[in-house]
Amino acid sequence: MVLTSQLVFFFTYIWITLMPNAFATSDIKKPSPRCSTSVKHTCKKETRMKKDDNTKVRPMKYEQLLHIEDHDFAIRPGFGGSPVPVGIDVQVESIDSISEVNMDFTMTFYLRHYWKDERLSFPSTTNKSMTFDHRLIKKIWVPDIFFVHSKRSFIHDTTMENFMLRVDPDGNVLFSVRITVSAMCLMDFSRFPLDTQNCSLELESYAYSEEDLMLYWKYGNKSLNTEEHISLSQFFIEEFSASSGLAFYSSTGWYYRLFINFVLRRHIFFFVLKTYFPAMLMVMLSWVSFWIDRRAVPARVSLGITTVLTMSTIITGVSASMPQVSYIKAVDVYLWVSSLFVFLSVIEYAAVNYLTTVEERKQFKNRGKISGMYNIDAVEAMAFDGCYHDSETDMDQTSFSLHSEEGSMMRTIHRQPQHDSSRIKRRKSLGGNVSRIILENTHAIDTYSRILFPILYIIFNLIYWGIYV
């Protein structure tokens with residue numbers, strides 16, 4: 001019994017071990033199906049259809065089609081011969097900003113290059129061009145254009161790098177790229193804000209001189225195109241033009257250079273509201289002091305100081321938004337002349353105040369008497385409220401007082417007996433007498449200033465706007 005069980009276990013182990021190998025061997029040795037005589041013609045037809053199906057054939061790689069591996073694209077086309085001509089075409093998308101402080105501008109545009117490289121020619125029965133993206137750019141030769149006097153620049157990469165390469169069967173190449181450039185613009189602010197600025201973006205090959213590469217505008221003056229909706233907040237774009245020239249470097253020689261020129265004329269309305277109009281108001285406000293009684297010291301002094309400080313604030317605000325140039329700008333001329341008018345109005349009252357004091361001193365000295373109430377010098381004959389009280393004026397005011405019967409502390413004028421009829425008449429004419437008092441106490445300088453200051457300021461404005469506009 002034991003022997004029988006051992007034999008069963010032995011044969012079972014052998015069966016488990018050898019059967020998988022047997023099945024694998026049978027699969028390997030299994031012959032491929034062959035067509036019988038009756039279906040041999042059908043099998044040949046199916047094989048021929050598979051060969052004619054081009055969609056199942058693996059297409060040729062663009063490296064093989066353009067012979068990229070067969071040439072050294074580190075050197076320019078036609079090396080050793082005449083310079084390779086490279087045409088340039090620019091489509092300006094926008095002028096993003098103009099900075100007076102940094103003296104630069106930012107522009108976004110499409111830069112297109114045109115040249116011929118016979119090494120990229122390929123056979124084509126339809127004569128259709130092939131278009132590629134940024135992945136082929138690094139494997140072939142492209143012009144090394146850079147922007148002279150540029151501060152910052154970048155190539156747009158949303159959602160992919162904005163490159164486009166189009167190759168014709170005869171080897172003509174179009175290379176387009178979308179770029180934003182911030183470049184320097186030498187601005188002249190001598191007529192600011194009534195100025196016109198001429199800026200330019202300059203293109204040039206960095207490595208290839210005129211002996212190797214020739215830059216030119218592809219379509220002449222029509223090579224520079226702009227979008228119709230381009231507009232700026234402070235400038236009006238008057239002109240876009242294209243030009244070309246040569247640049248010389250002492251160490252490397254001559255290079256072809258292309259220019260994108262544009263003329264910007266500044267909008268004046270913003271500065272009229274922000275600068276010129278407030279300055280005019282401050283000057284005219286300073287003239288109000290000429291109509292205020294010369295004895296109202298606090299009113300005239302506070303008005304003069306307020307206008308002077310306001311003009312200083314306007315000048316500081318304009319200077320903060322401008323570069324620190326060493327020459328005088330047009331707006332500086334206007335603001336400083338306006339400040340001079342405001343300052344002269346303050347000096348005018350200082351002169352009036354001084355001459356009034358001298359005049360009072362002479363009057364008191366000639367009469368040999370000093371105000372009995374205060375017993376002070378004529379220079380100190382100012383009331384504690386800061387207003388002058390001339391002796392004659394005080395006498396007139398006392399005579400017009402309704403309570404003159406109670407007696408006055410000031411020196412009185414000899415009066416005839418009062419009657420009821422004259423008293424009623426005097427009360428009715430009180431307003432007219434007050435006006436007469438003010439006119440009699442107005443210094444001659446105030447009278448002349450009321451006419452002279454406005455006339456001079458109007459003449460200045462006529463000359464200023466005639467020169468700069």
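Trainee: Is Asp212 buried, partly exposed or exposed?

Mentor: This is a predicted model, so every value here is computed from it. Buried means under 20% relative accessible area and exposed means over 50%, with partly exposed in between. Asp212 has a relative accessible area of 24%, so Asp212 is partly exposed.

Trainee: Which residue does the side chain of Asp212 meet in a salt bridge?

Mentor: Side chains of opposite charge can pair when their charged atoms come close. In this model the partner of Asp212 is Arg76, with 3.3 Å from N to O. The pair ties together distant parts of the chain, 136 residues apart. Arg76 sits in the loop between α3 (62-65) and β1 (84-99), and Asp212 sits in the loop between β8 (196-205) and β9 (213-217).

Trainee: Is Arg76 buried or exposed?

Mentor: Arg76 has a relative accessible area of 3%, so Arg76 counts as buried.

Trainee: What else does Arg76 touch?

Mentor: Leaving out residues up to four places away in sequence, the contacts of Arg76 include Arg119, Trp141, Tyr208 and Glu211, as well as Asp212. A polar atom of the Arg76 side chain also lies 3.1 Å from the backbone oxygen of Gly78.

Trainee: How many salt bridges does a search of the whole structure find?

Mentor: The search finds 16. One of them joins Asp195 and Arg266, whose closest N and O atoms are 2.7 Å apart. Here too the partners come from distant parts of the chain, 71 residues apart. Asp195 is in the loop between β7 (172-184) and β8, while Arg266 belongs to strand β12 (residues 253-266). Asp195 and Arg266 are both buried.

Trainee: Which residues are linked with Asp195 in a network of salt bridges?

Mentor: The network links Asp195 with Arg266 and Glu100. Glu100 lies in the loop between β1 and β2. The side chains of Glu100 and Arg266 are joined by a polar contact of 2.6 Å.

Trainee: Is Glu100 buried or exposed, and what does it touch?

Mentor: The relative accessible area of Glu100 is 10%, so Glu100 is buried. Leaving out residues up to four places away in sequence, Glu100 touches Met187, Phe189, Gln234, Phe235, Arg266 and Pro323. Glu100 and Met322 are 222 residues apart in sequence, yet their C-alpha atoms are 6.2 Å apart.

Trainee: Which residue forms a salt bridge with Lys329?

Mentor: Asp332 does, with 3.0 Å between the closest N and O atoms. Lys329 and Asp332 are both buried.

Methods:
Residues are numbered from 1 along each chain as its sequence is written. This is a predicted model: local features need pLDDT of at least 70, side-chain atom pairs count only at pLDDT 80 or more; totals for chains, interfaces and linings use all residues. Side-chain values use heavy atoms; hydrogens and water are left out. A salt bridge is a side-chain nitrogen of Lys or Arg within 4 Å of a carboxyl oxygen of Asp or Glu. Helices (H or I, at least four residues) and strands (E, at least two) are DSSP runs, numbered from the N terminus. Buried means under 20% relative accessible area, exposed over 50%, partly exposed in between (1.4 Å probe, protein chains only). Contact means heavy atoms within 4.5 Å. A polar contact is a pair of N or O atoms within 3.5 Å; within protein, one must be able to donate a hydrogen and the other to accept it, and residues adjacent in sequence count only if both atoms are side-chain atoms.
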